[in-house]
Amino acid sequence: MRGVIKATLALAAGLATALSCCAPVAAADAVDFQLDLDTGGHRAIVRDLAFTSDGRLLVSASDDKTIRIWDIASGTTLRTLRGYMGAGNDGKVFAVAVSPDDTTVAAGGYFGAGIDQPPYGDIRLFDIGTGKIGAVLTGATQSIFSVAYAPDGREIAAGSGDGYVYIWRKQGNDWAPHTRLDADSWRVGHVAYALGGERIVASTTDNGIRVWRHDDGSEIEVPEAEMLRDTGVGALAVSGDGLRFATGDSEGNVLIFGAENGALLATLPKQPFRIGSLTFAGDRLVVSCGYECTDQYRSIVFGADGTIEREYRGHDNSIHASKTTPDGRMVATAGGLNHAIHLWNPATGEAGTIMQGAGAPIMAVGIDVKSGVIGWGLENPCPDRVSCPEIMGMLDRSLLLPSKDVFFEHPALIEGSASRFRRARHEDRGRTLLAVMGGSADLPNGRLEIRDGDAVSHAIDNDETTGFLHAAFSLLDQAQRVVTGGSDGTLIEYDTATGSFAGEYKNGHTGEINALAISEELGLMVTGSADQTLKLWNLKTRELIASLFLAGDEWIVWLPQGYYYSSDNGDKFIGWHVNDDRRREGRFVHGDQLKRFLFSPEIVRRAIVLKSAAQAIEELRPGADDALQKLLQHRPPEFGIRVAEDQSSASDGHVVIEITGEESDAAAEFSVLSNSIKIGDFASRDIGGAGKRTIEVPVTEGSNIIKVTGTDEAGYLTERSVTALGKKQDATARKGKLYVAVIGVESYPNLPDACSGRSCDLRFSVDDATELLQAIAEKASPMAEEMESLVLVNRSALKENPEQERAVAALADESRVMEPDSDAIEDELADFLDKPTADDRTIVFVAGHGVNIDEDYYFVPTDARQEDGKWRRSSLVEWSDIQRALDRAKGLRVLMIDTCHAANAFNPGLEKESADSGLVVYSATAANSTAAEIASLRHGVFTHAMIEGLRGKANLFGDGVYLLGLGEYISHEVARLTSQKQTPYFRLNNIANALIALP
């Protein structure tokens, strides 16, 4: 949301009937889950903050229904606490407090099914170390907006939406209701202990403030606060010494009172904005703007004498929470479009750590109808306003939508003018849309007027059930309909002739819809939201087709049913919150844990082509529409890893890693990579012994990233990483062997007309394979103890070049030179790749045709066949078999692949699969690009560049050819030789830039 609606409206939204955006509970044995993004930070308003007593950790509560525990030194989330998350507002967290002994987080919020089903004011007590809920405190009937621990840690007070302050006391190890204090109010917004726990102070949204004596619960009259009775006191803070408290209200008043008797001590200058939060920093008071800030989103630091010392303006929107570190030296403020938490020095104004997620709100969208490209932008077009639907924001990023013959490409910057993009349409055929003041809360853009000529024919007033504001809207269907998006993600269609409801786009955004664009020619609508996602909709059926999230170079596109396509690490952002009962913590399953089941580029592409996710799934995986529901009934393996304290048993050049966690035995197998070098696979029972679960991992000198992947018997994955320091190693360490497998297919006798009516024969695949083998033998094998080769090429083509035949004979045993038929490729390659150890290196080269069939990608061997124009799958080599064989090989693994010789033969899973398994990949083509052969080179262009690079052209600094240098040389050389028509790519996947060929 660009700005923040007044607190009274937020309350109304909190009490409104929830609009469901979650998967329903189907049957008794079904799991209750909903999709969520884990961006590393909050994705909705941060309502409250709390520090641990040592000031090292910060706890934050948010409308995104999560609690995050931050390491303020690094600015990263250490743990995310999750309770039960229901539909709509159910699960929003409004308040947190940390126990004085730093063991527990008390959390309050909207914890119930709905306003008509109270109570929903429970307090959840989370163990700060494990994230588990230890107890639930009941008694409050409505939402909890503030929670506080007494100084001794044995009492908790909470302010409720029913106008009471509830108090629980600890009896032994259990908590029990003690009393409640009547604030004579509709809602208690804040509650705090003061004067060392002798006073309880509360602020209300409708009837000023209250002060009670703790010992007997009697109220202390505060006559000088009488003027606050008619204002919403939205901010309250107690000084570090407990002697004073300050209040801030919706009219900009800031008052300071004595905690002992409630006497008014000071009145600070009235501010031209709603006070969003207050916090004392020693003798200073920090006052933050929460609404009506215009473009001056600021926190003002008042000195002890009441004068302004400085301002902090690091946020780009309203601030809703603030807290001072226990030593009083730093202040944390939370707010802005990215819901960021800023740590800064109130004495100097100097900025420190910023804690926020990886994504950003989508502020503008468009559709290039002619080329099938969607565009979007992140820049706020009106930072001084709550929303500005009449202004089309700047577009600077784009994505080519896939079609029947076009695959996904990576998101890219928009070059040149963005005028070709279709935006929202506010005028058409004499009808005009205009957002004006109005709606149930009388807000700017709360009413949408439909005008015929100069006359208003109908008006649509938004309220708490439709998101208050008309944040984005457009005419469609020749101005016969209008679609409008609200501040809560609601997206509704109306008939312009009658102003009546025509339909709803359901299960969409969870934040304000900042922009939308429509293409009736394509039958598509794209929307962008404050929830940081883009969504693609079917205009005819109103079905959600796909969603898109981007963060830097990482991205993911997913369907409502869970199937997705992503960049290397994009699926780490998406996941599913799975509920237990309301008294238990929820669990979160990341997308990458289910990638074996849900990673499907072709299903996602097909969904966009068909404009229906359900239809695509039924076409490619009949009956699998509820696969996610079934998957989430199970739990992925849970475990942790750490560097063992005792390293005395570690061999030279190794560290001992311990697998920890109560549920670590849920994994049947562990796979270990060190700096993306495959170390090996270990059965769970084989790790350690006598109950001790340890792995000895080889490392290099310096910092090493060790990744352990646990897989259970059902195929669920869990990845854990740790950094270990390696000592300088003995220079006489074993060099290891070099394993080289080359596959070259250029003869397809069974496919005389299968490639666009022509023979599928290639000219240079065998030359590519054999000469590359020679280059590797010349330049790479001297770095190894010995080299072992497997050659799968057409023997007839090899015999045509006696010189090459002799060279191959010198490099491979006769028994290791075979025809590249399906059996040989599958069986011999698998056996060959079982040999390398962690000290060895493996290079695999593949040249020939590749083909996509439904969801699967296949390599086309020399004996491939078709029948009635369709491929016989049994005659092809499934790429997943090659990938599994490569995954089993240990050590450094390099894949060189030149298979995309025909349109739409790009392997969509290669990038992701190679990244996850730690493969170095050099590929001839990227998406929507084909591999070229040039007769004068007698090689495919890609392989020619590879050979030349290994033989010295990629020796950039004179000391040999490195992995990165080889990739850069190939990229530039292929582009040059093909006049930019062929686009190769390479991936190092966090692998050290190793020397691959000698000078």
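1. Asp184 is exposed, at 52% relative accessibility (exposed is over 50% relative accessible area, buried under 20%, partly exposed in between, with a 1.4 Å probe and protein chains only). Arg210 sits in strand E16 (residues 209–213) and Asp184 in the loop between strand E13 (174–182) and strand E14 (188–194), 26 residues apart. Strands (E) are DSSP runs of at least two residues and helices (H or I) of at least four, numbered from the N terminus.

2. This is a predicted model, in which local features need pLDDT of at least 70 and side-chain atom pairs count only at pLDDT 80 or more, while totals for chains, interfaces and linings use all residues. Residues are numbered from 1 along each chain as its sequence is written, and side-chain values use heavy atoms, with hydrogens and water left out.

3. The structure holds 61 salt bridges. One of them joins Asp63 and Arg47, with the closest N and O atoms 2.8 Å apart. Asp63 is in the loop between strand E3 (57–62) and strand E4 (67–71) and Arg47 in strand E2 (residues 46–51), so the pair ties together parts 16 residues apart in sequence. Asp63 is buried at 12%, whereas Arg47 is partly exposed at 25%.

4. Lys572 and Glu719 form a salt bridge, their closest N and O atoms being 3.5 Å apart. Lys572 lies in the loop between strand E47 (564–566) and strand E48 (574–578) and Glu719 in strand E56, so parts 147 residues apart in sequence are tied together. Lys572 is partly exposed at 31%; Glu719 is buried at 18%. Both belong to a salt-bridge network whose members include Asp571, Asp592, Lys707 and Asp916.

5. Strand E56 is also part of an open four-stranded sheet, ordered E53-E52-E55-E56 with antiparallel pairing (two strands pair if DSSP finds at least two bridges between them). Strands E53 (677–683) and E56 (717–726) are the edges, each pairing on one side only. Within the sheet, E52 (residues 669–674) and E55 (residues 702–711) pair over six bridges, and Glu669 stands opposite Thr711 in E55.

6. Lys535, in strand E44 (residues 533–538), is buried without a salt bridge; the nearest side chain of opposite charge, Asp531, is 5.4 Å away (Lys and Arg count as positive, Asp and Glu as negative; His and the chain ends are not counted).

Methods:
A salt bridge is a side-chain nitrogen of Lys or Arg within 4 Å of a carboxyl oxygen of Asp or Glu.
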